[in-house]
Amino acid sequence: MIDRVVLLLRIALGLVFLAAGALKIGHADVFASQIAGFQLLPHPFIAPLALLLPFLELMVGVYLVLGLFTRFAAWFAALEMALFAGAIASAVVRGISTSCGCFGPSDHSTTSWPEVGRDVGFTLMGVIIACWAPGALALDRRMEAENE
């Protein structure tokens, strides 16, 4: 049963990452201005992040959908979503209303607590996938057996 749940979560989160990455590619200038709107990063980091992040999201999405490097991809997804949730929460607390840029230039959702909740949910999905992906428990059991 848990394998089926993890499979569904893995595919769903993978599709989210595929969509997020694909919709940002070709719009680095817009995405860079959305990142700058959070007022968290030094200016020299913004353009490289706006160029690199969509391709990383595509890669993680492909890995999750296909079940390749699943634990790594899931931990990366969880970390990214936790960072995004923190950035959005920071903007909300500081009274900054800006587009999160999560799904490309046509995404006009602004920083809000529901956006934070969505990203926390994606973070939890990544953690569940990483911890309970098929093979993850078998690897843990093997390591325990070797230590006995």
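Q: What makes the crossing of α2 and α3 right-handed?
A: α2 passes α3 in the right-handed way. The model is a predicted one, where local features need pLDDT of at least 70, side-chain atom pairs count only at pLDDT 80 or more, and totals for chains, interfaces and linings use all residues. Residues are numbered from 1 along each chain as its sequence is written, and side-chain values use heavy atoms, leaving out hydrogens and water.

Q: Why is α2 called oblique to α3?
A: The axes of α2 (residues 28-36) and α3 come within 8 Å and cross at roughly 120°. Axes here are lines fitted to C-alpha atoms, for helices over the stretch in contact, with angles from 0 to 180 degrees between N-to-C directions. Under 35 degrees is roughly parallel, over 145 roughly antiparallel, 65 to 115 roughly perpendicular, and the rest oblique. So α2 ends up oblique to α3.

Q: How do you know which residues of α2 and α3 meet?
A: You look for contact, meaning heavy atoms within 4.5 Å. On the α2 side that picks out A28, F31, A32, I35 and A36, which meet I46, L49, A50, L51, L53 and P54 in α3.

Q: How do you know how many helices and strands to count?
A: Helices (H or I, at least four residues) and strands (E, at least two) are DSSP runs, numbered from the N terminus. The protein comes to 6 helices and 0 strands, and reading along the sequence gives α-α-α-α-α-α.

Q: Why is T98 called buried?
A: Buried means under 20% relative accessible area, exposed over 50%, and partly exposed in between (1.4 Å probe, protein chains only). T98 has 13% relative accessibility, so it counts as buried. The residue sits in the loop between α4 and α5. Beyond residues up to four places away in sequence, T98 touches Q34, G37, F38, S109, T110 and T111.

Q: Why does T70 get the label buried?
A: T70 has a relative accessible area of 13%, so it is buried.

Q: Why is C131 partly exposed rather than buried or exposed?
A: Its relative accessible area is 27%, a value in the in-between range, so partly exposed is the label.

Q: What makes Q39 and F69 stand out in the backbone?
A: Phi of Q39 is near 55° and phi of F69 is near 45°, both positive in residues other than glycine. Most residues other than glycine have a negative phi. Q39 is in the loop between α2 and α3, and F69 is in the loop between α3 and α4. Q39 is exposed because its relative accessible area is 57%, and F69 is exposed with 57% as well.

Q: How do you know that C100 and C102 form a disulfide?
A: The rule asks for a pair of cysteine sulfur atoms within 2.5 Å. The sulfur atoms of C100 and C102 are 2.4 Å apart, and the count by this rule comes to 1 disulfide. Both cysteines are buried.

Q: What makes a set of residues a nonpolar core, and which members touch the most others in the largest one?
A: A nonpolar core is a set of buried Ala, Val, Leu, Ile, Met, Phe, Trp, Tyr and Cys residues joined through side-chain atoms within 4.5 Å. The largest has 17 residues, of which L13, F17, V60, L64, A77, F122 and I129 touch the most other members. Two or more residues each come from α1 (2-24), α3 (43-66), α4 and α5 (113-132). α1 gives the most, with 5 residues. Apart from this core lies another of 10 residues, among them F38, A85, I88 and C100.

Notes. Left-handed = near helix turned anticlockwise from the far one by under 90°.
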